[in-house]
Amino acid sequence: MGKSVVIILSLIIATIISFIGALPSLLWGLSLVNYFSTASIIFAVQLFIGGAWNYYVDMKNLREQRKIDAANELVDSVQNIQICCAYCGAINSAAILVGDNNTFECNTCKEINSVILSCSAARTTHPIMPKAELANIFKSIDSE
Ligand SMILES: [Zn+2]
């Protein structure tokens, strides 16, 4: 069902509820003008409640989406590494997350290992052939 169909159906239902809801004002002997104004007030109240409800649902969906995005980001941050067991030396595959207490159970000896991350610095390397030199070579090839 399309969104416009839902809106039209909602408006039709709200109109019917308004006219039925305003019926007691006729029974109490009020004029037709009073009946229509009562129906209009009931209609406006329904629009307000509907709008507030839609806002609430949208905000709720937005919060859920943020949670899903955060969870996806976390999953994307997990790194799979090959690491030797500290007990038997067997190579295991482990999923680790930087900033987390990472452990894994050895596939061979079943011992629980803690993963310790260490960082080290290295000099940045430069390509043996600078980009400008490569561009010159390409240019000379093109002009042949
Ligand atoms: Zn082991």
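1. Domain bounds here come from an automatic or database domain assignment, and on that basis the chain is divided into domain 1 (3-76) and domain 2 (78-114). The C-alpha centres of domain 1 and domain 2 lie 55 Å apart.

2. This is a predicted model, in which local features need pLDDT of at least 70 and side-chain atom pairs count only at pLDDT 80 or more, while totals for chains, interfaces and linings use all residues. Residues are numbered from 1 along each chain as its sequence is written.

3. Helices (H or I, at least four residues) and strands (E, at least two) are DSSP runs, numbered from the N terminus. Helix 1 (residues 3-21) has 19 residues and reaches 26 Å between its first and last C-alpha, close to the expected 27 Å, where the expected span is 1.5 Å times one less than the number of residues. Among the 19 residues of helix 1, the count of buried ones is one, a residue being buried if 20 or more other C-beta atoms, placed from the backbone, lie within 10 Å of its own, exposed if 12 or fewer, and partly exposed in between.

4. Strand 1 (residues 79-84) has six residues, of which the number buried is zero, so this strand lies largely in the open. It pairs with strand 2 (residues 91-96) in the antiparallel sense over six bridges, pairing being assigned if DSSP finds at least two bridges between two strands. Asn 80 stands opposite Ala 95 in strand 2, and the two strands form a hairpin with six residues between them, where Gly 89 in the turn has a positive phi of about 85°.

5. Helix 4 (residues 131-142) is hardly covered, since the count of buried residues among its 12 residues is zero.
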